[in-house]
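Visitor: Could you pick one spot in this model and take me through it closely? After that, I'd like to see what else is worth a look.

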Amino acid sequence: MALVSPTVLAISAVCFLVVAVYKFIIFPAFLSPLSKVPNAHFTSSIAPFWILWKRFQMTGNRTIHEAHQKHGPIVRLAPTELSINCVDGGIRTVYAGGFEKHAWYPRVFGAFGTISMFSMVASRPHSIRKRMMSNIYSKSYLQTSTQLSAVSRKILFQRLFRILEHHVKAVDQVEVHELNNAITMDFVTAYIFGLSAATNFLEDTTTRKQWLDAYQSRKPFEFYHQEVPNLVAWAEKLKLPLIPSWCKKANDDMENWGLELCDKAEEHLSTADIESQPTVYKQLKMSMIKQLGLKNEKAVPEHMSNQLRMDIACELYDQLTAGHETSAVALTYLYWELSRNPELQRELRKELRGLSPSINFPIHSETVPNLPSPKDIDALPLLNAVITETLRLHAPIPGLQPRVTPSPMSSLGGYHQIPPNTRVNAQAYSLHRNLDVFPEPELWLPKRWLKPGDSPEMENMKRWFWAFGSGGRMCVGSNFALQEMKLVVAAIYSNYTTTIVDDDGIEAIDAYTVRPTSNRLVLEFHRADI
């Protein structure tokens, strides 16, 4: 057999090297349309390792924000990844312009072997799924829902107030972050599955702690699925313990728990008990059956019934996990900020006590009293300002929202001919810290939101406010979250004052979804003066 001459081998090696240098260095760094975009780091044009390392270290949000402060509204994070921090030519183009989601979403947020509305990459299937539930998550529906009203009264008066009153009488300290996770989980599961099938994390502290520990334990490993899925696949093939086995067990346990909630809700589909009606579960199931072109559940073929069950479970599992976690984080930081501002507490309490009927505890009859109209609570200007400013400065999801540029070319932030399949992200963390829009952006200043609604300043702040995203794929549960949080804050600060006992570690972790670094906030509750 003839041997290849050393000369031919040398020429081949040189050609390979030349092609590699051109493809991986010269073109991306100097010839690609993206080469005109400022680099966040000197290696950004030729390799993704710098930004991957920052994300692995959980410093991604702050690092990207620093890059925007230095280089402007658009920066290059990696050879095919951009970050934008502007409205016009930025989030308006990307998120209201139909850019599809990145594969980042289903890699992280899938469950039960399928995907939810939130993690669907393409816009069309997302729109179909969203139409199934947009009505029951609309502001008008939520504000007039008799089921949600009954649930709210029971959770507040028969659970939350009794717990807080116990601590007040005992002059005891309250770790409110875990308590907030309990409040929000009880609310969201009660609306989705009905109160009889829902959690009672407020009172069942053992189950609550076990579930929250399992849920949080997986967080440090999300990076691998999000950013380096090929590494995960290779690790599995080589049987390397990149992601520990107990993490998979935690996922399996929570999926089984989610299925149990669905099965319990199924038992109450025809209940006449208002508070036990599984509002979201029922609506979603009926809509999915209709989408299959069938009249009712009995018409679902056996080979399709299990997939239907998994699709429903996945969708609702996503809603209850995201819904409880984000609202709990917001409430924790709201209590913290109010506890540092006793004068604002007093102003808010004065506003809240103007509600009719007022939210008072203890109650002096066995009948659970009515609550003020959600419309009346929603109309309170200072309460709205406190909630909005908390969501601005302490956005529960401050991290990136990846999209993919469409074919043939796009224009972003004043740069043109951006090629298709470029990953482009925006993050609330940076949008909410624009000095020109939010003066003193690192300060919690609720009264900035009390300017006249038609003022240029207010209009501009609303355009840059991104706690729930924007466009057709903004958070479907935003109205539920706002109504729930406003009600809880109104209930607590109508009756109690809060002071800080221990806020060590209150600084937020740097991640897609945040929480206090210490995962706790300890307050003391006292009866407010009547």
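Guide: Let's settle one word before zooming in: "contact" (or "touching") means heavy atoms within 4.5 Å. With that in hand, the spot is Ser430, which touches His65, His68 and Asn85, not counting residues up to four places away in sequence. The model is predicted, so local features need pLDDT of at least 70 and side-chain atom pairs count only at pLDDT 80 or more, while totals for chains, interfaces and linings use all residues. Residues are numbered from 1 along each chain as its sequence is written, and side-chain values use heavy atoms, leaving out hydrogens and water.

Ser430 sits in helix H19 (residues 428-431). Helices (H or I, at least four residues) and strands (E, at least two) are DSSP runs, numbered from the N terminus. At 1% relative accessibility, Ser430 is classed as buried; that word means under 20% relative accessible area, with exposed over 50% and partly exposed in between (1.4 Å probe, protein chains only).

Now compare Pro408, which is exposed because its relative accessibility is 59%. You'll find Pro408 in the loop between strand E5 (403-404) and strand E6 (410-412). Leaving aside neighbours within four places in sequence, Pro408 has contacts with Ile418, Pro419 and Pro420. Pro420 is twelve residues away along the chain, yet the two C-alpha atoms are 6.0 Å apart.

E5 also belongs to an open, mixed sheet of five strands, ordered E1-E2-E8-E5-E3. Two strands pair if DSSP finds at least two bridges between them. Strand E1 (74-78) and strand E3 (100-101) are the edges, each pairing on one side only. E1 runs antiparallel to strand E2 (residues 81-84), with four bridges, and Ile74 faces Ile84 of E2. Helix H2 (residues 49-56) lies across E1, E2 and strand E8 (423-425), at about 90° to E1. For such angles, axes are lines fitted to C-alpha atoms (for helices, over the stretch in contact), and the values run from 0 to 180 degrees between N-to-C directions.

There's another open sheet, with three strands in the order E4-E10-E9 and antiparallel pairing. Strand E4 (173-175) and strand E9 (496-502) are its edge strands, and neighbouring strands are turned by 40° against each other on average, direction ignored. E9 joins strand E10 (residues 522-527) over six antiparallel bridges, with Ile500 opposite Leu523 of E10. Helix H8 (residues 146-169) packs on this sheet, touching E4, E9 and E10, and its direction makes about 90° with that of E10.

Last, a helix pair. The axes of helix H6 (residues 123-133) and helix H14 (residues 279-291) come within 8 Å and cross at roughly 135°. That angle makes H6 oblique to H14, since angles under 35 degrees count as roughly parallel, over 145 as roughly antiparallel, 65 to 115 as roughly perpendicular and the rest as oblique. Ile128, Arg129, Met132 and Met133 of H6 meet Val280, Gln283, Leu284, Ser287, Met288 and Gln291 of H14. Sorted by class, that contact has six nonpolar, three polar and one charged residues. Here Ala, Val, Leu, Ile, Met, Phe, Trp, Tyr, Cys and Pro count as nonpolar, Asp, Glu, Lys and Arg as charged, and the others, Gly among them, as polar.
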